[in-house]
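Q: I'm new to this one. Could you walk me through how to read it, feature by feature?

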Amino acid sequence: MSDPKADARETVDLIGATVTFIPEGGASSYSLIEWVAKVGAVSPPVHIHHETDESFYVMSGTFVFLLDGVETLETAGAHVVVPMGRPHTFWNAAGKPAKCLVIISPPGFEAYFRELATLLSTAESEEEQTEARVRLSAKYDIEVVGPPRKPGRPHKQLAG
């Protein structure tokens with residue numbers, strides 16, 4: 001019989017995205033989250049993880065992924081792998097919500113989203129939002145290397 005608490009999903013709001021934590025059990029080598037990006041939501045700042053691999057499986061909608069300075073347009077069924085040490089971000093590129101699964105290895109990084117949601121809920125400006133991200137960065141293997149991207153216009157030539 002499974003433990004109902006272990007199966008419970010927790011959801012947080014990150015201003016423009018809803019993040020749901022999908023329980024994987026205590027022995028997993030990764031964390032799994034569902035990311036639903038609202039229409040027009042700004043991306044996370046361009047950032048690097050030095051000890052964490054991240055990958056994205058697009059479930060619905062359209063995302064732009066920025067990886068190593070190259071933007072690609074990806075739709076349902078696409079899988080984008082971001083090895084540690086690579087600058088990246090992503091955002092909803094269409095006129096309807098977009099959803100992806102984010103796989104994070106090793107596990108534990110999802111705690112960043114919980115803390116960030118609390119800080120963002122009280123931020124009164126985009127500057128305060130960025131400051132909150134920077135404050136948490138050292139604790140959670142994030143190096144912010146660029147500003148968030150605003151959807152609606154490509155910043156470079158799209159590949160893919």
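Q: Let's start with a helix. Which are the buried residues of helix α2?

A: This is a predicted model, so keep that in mind as we go. A residue is called buried when its relative accessible area is under 20%. In α2, which covers residues 110-122, the list is Glu 110, Tyr 112, Phe 113, Leu 116, Ala 117 and Leu 120.

Q: And what covers the buried residues of α2?

A: Look for whatever touches them. The cover includes the strands β1, β2 (17-22), β3 (31-37) and β10, along with the helix α3 (126-137).

Q: At what angle do α2 and α3 pack?

A: For a pair of helices, check the angle and the distance between axes. Here the angle is about 150° and the axes lie 9 Å apart. Angles over 145 degrees count as roughly antiparallel, so that is the label for α2 and α3. Their crossing is right-handed.

Q: Which residues of α2 meet α3?

A: From α2 come Tyr 112, Glu 115, Leu 116, Leu 119, Leu 120 and Thr 122. Facing them in α3 are Glu 128, Gln 129, Ala 132, Arg 133, Arg 135 and Leu 136. Sorted by class, this contact has six nonpolar, two polar and four charged residues.

Q: Now the strands. In what order do the six strands of the open sheet come?

A: The order is β1-β2-β3-β10-β5-β8, with antiparallel pairing. At the edges are β1 (10-13) and β8 (79-82), each pairing on one side only. From one strand to the next, the twist averages 20°.

Q: How many bridges pair β5 with β10?

A: Seven, in the antiparallel sense, between residues 53-60 of β5 and residues 98-105 of β10. You can follow individual partners: Glu 54 is bridged to Ile 104 in β10, and Ser 60 stands opposite Lys 99. β3 and β10 also pair in the antiparallel sense over seven bridges. There, Ser 31 stands opposite Ile 104.

Q: Which residues make up the covered face of β10?

A: Read along the strand and sort its residues by face. Ala 98, Cys 100, Val 102 and Ile 104 are on the covered face, while Lys 99, Leu 101, Ile 103 and Ser 105 are on the uncovered one.

Q: What about the hairpin of β6 and β7: which residue takes a positive phi?

A: Two residues sit between the strands, and Asp 68 takes a positive phi near 55°. Strand β6 (residues 62-67) runs antiparallel to β7, joined by six bridges. Leu 67 stands opposite Val 70 in β7.

Q: Where is Ala 76 placed?

A: Ala 76 lies in the loop between β7 (70-75) and β8. Buried means under 20% and exposed means over 50%, so at 49% relative accessibility Ala 76 counts as partly exposed. Leaving out residues up to four places away in sequence, Ala 76 touches Val 58, Met 59, Ser 60 and Gly 61. Thr 62 is 14 residues from Ala 76 in sequence, with a C-alpha to C-alpha distance of 7.1 Å.

Q: To zoom out, how many helices and strands does the chain have?

A: There are three helices and twelve strands. Of the 160 residues, 43% count as buried. Among contacts between residues at least 6 apart in sequence, 68% join residues at least 24 apart.

Note on methods
Residues numbered from 1 in each chain as written. Predicted model: local features only at pLDDT ≥ 70, side-chain atom pairs only at ≥ 80, totals over all residues. Heavy atoms only, no water. Pairing = 2+ DSSP bridges. Helix = DSSP H or I, 4+ residues; strand = E, 2+ residues; numbered from the N terminus. Axes fitted to C-alpha atoms, helices over the stretch in contact; angles between N-to-C directions. Buried < 20%, exposed > 50% of the residue type's maximum accessible area, 1.4 Å probe, protein only. Contact = heavy atoms within 4.5 Å. Parallel < 35°, antiparallel > 145°, perpendicular 65-115°, else oblique. Left-handed = near helix turned anticlockwise from the far one by under 90°. Nonpolar A, V, L, I, M, F, W, Y, C, P; charged D, E, K, R; others polar.
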